[in-house]
Amino acid sequence: MTIQKNDSDPLGPIVLTHTSSGANATIYPFGATVTSYKTCSGRELLFVSRTAKLDGSKAIRGGIPLVFPQFGRPDQSMPQHGFLRCNLWKVGNTYEEGDDACSCVDLSLSLKDVVAARGGEWDVGTERDCTVTLTVKVYPSSFTTTMTVVNSGGVAFPYQALFHTYYAISGQSALNGEVCNVKGLAGYEYLDQLTAKSHVQNDEPITIGGEVDRIYSHPTQTDIDVVISTGVGTSVALKSSAFVTKLNGDNVVAPVGVVVWNPFIEKAKSMGDFDDEQYKEMICVEPGMLKDVPIVEKGDQFHFSQTITSCDEDSEKVKEVEGEEHIGKKNKVGKE
């Protein structure tokens, strides 16, 4: 594992590289925002706007902005999407797991260090308190982000949490439903936020034919397991799950829904940190703890993860890397 970071620049990016494969992720401490993941074959999975602000002046437009304690702005006294994406996080441990199976980094944010985007029940002087950790794990053809929130205050609190993941669509083909679509949500109920009407998703893939802003949930299924086509011959698999660990050690499964979003023409033009034509280059598929979320009592914590895997990494490069890792483990066992 290698990690690149300019210690003299607290806003500068961290580049975490999986040594044996070369796969790497870039994370900005501002917002703990993952802005890039490149597989061992060099394929970029994430989208970042060409006009995104990377200087800490506002949340980064692209990659994986973190959302907590609210999605959108149901509480008008707090900024949209909460405070995680708008504050500077501390970079913690970097380490390997499983004999170079993955390279990892932890970033953390305590409420006492939150200086922007507070409000409502989370404003200065609140009885609520929490510590948030983001763990990023890099593998040769996949990566995982895990958000852990510990209720360190004196009162329980309701919340929402979400990974606002932007996927890169090759060839500016987001409007081509044959090569850009989302599969795996048939039977899910969804709220169309443009019309405020609810529907049930049919068996057809979800495509972009105009502005799309939908919140999907399932009455019984708790995990997300979808495939996103991201251009000609490329796709990614997304899996996401969550649970709450109670103070007594019991785990309670929490349901995860998903938001599908593309701003299309007019909304793209209205965003100052988004080029007018870049809606053709991206799709957001955002797993979130949004509905029927278990409250975290004092001392409880929730764990919310997503794993994003390139479905196209069956190349000789991956086989070679996996073979080297297998041989390395075998040799290590032989020496012990």
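**View 1. Leu 109 and its partner in strand E8.** Leu 109 has Val 132, a residue of E8, as its bridge partner. The model shown is predicted. Strand E8 covers residues 130-138 and is antiparallel to E7, with 8 bridges joining the two strands.

**View 2. The hairpin of E6 and E7.** On strand E6, residues 90-97, there are 6 bridges to E7, and this pair also runs antiparallel. Opposite Glu 97 stands Cys 102 of E7. The hairpin has 4 residues between its strands, and one of them, Gly 98, has a positive phi near 65 degrees.

View 3. The burial cut-off here is under 20% relative accessible area.

**View 4. The largest nonpolar core.** This core is made of 67 residues, and Phe 68, Met 147, Ile 283 and Phe 302 have the most contacts inside it. Strand E8 contributes the most to this core, giving 5 residues. A core of 16 residues lies apart from it; among its members are Ile 215, Phe 264, Met 271 and Met 282.

**View 5. The surroundings of Met 147.** Leaving out residues up to four places away in sequence, Met 147 touches Leu 66, Val 67 and Leu 84, among others. Its contacts also include Val 132, Thr 133 and Leu 134. Further contacts of Met 147 include Ala 161, Leu 162 and Phe 163, as well as Phe 302, His 303 and Phe 304. Val 132, one of these contacts, is the bridge partner of Leu 109.

Definitions and conventions:
Residues numbered from 1 in each chain as written. Predicted model: local features only at pLDDT ≥ 70, side-chain atom pairs only at ≥ 80, totals over all residues. Heavy atoms only, no water. Pairing = 2+ DSSP bridges. Core = buried A, V, L, I, M, F, W, Y, C linked by side-chain atoms within 4.5 Å. Buried < 20%, exposed > 50% of the residue type's maximum accessible area, 1.4 Å probe, protein only. Contact = heavy atoms within 4.5 Å.
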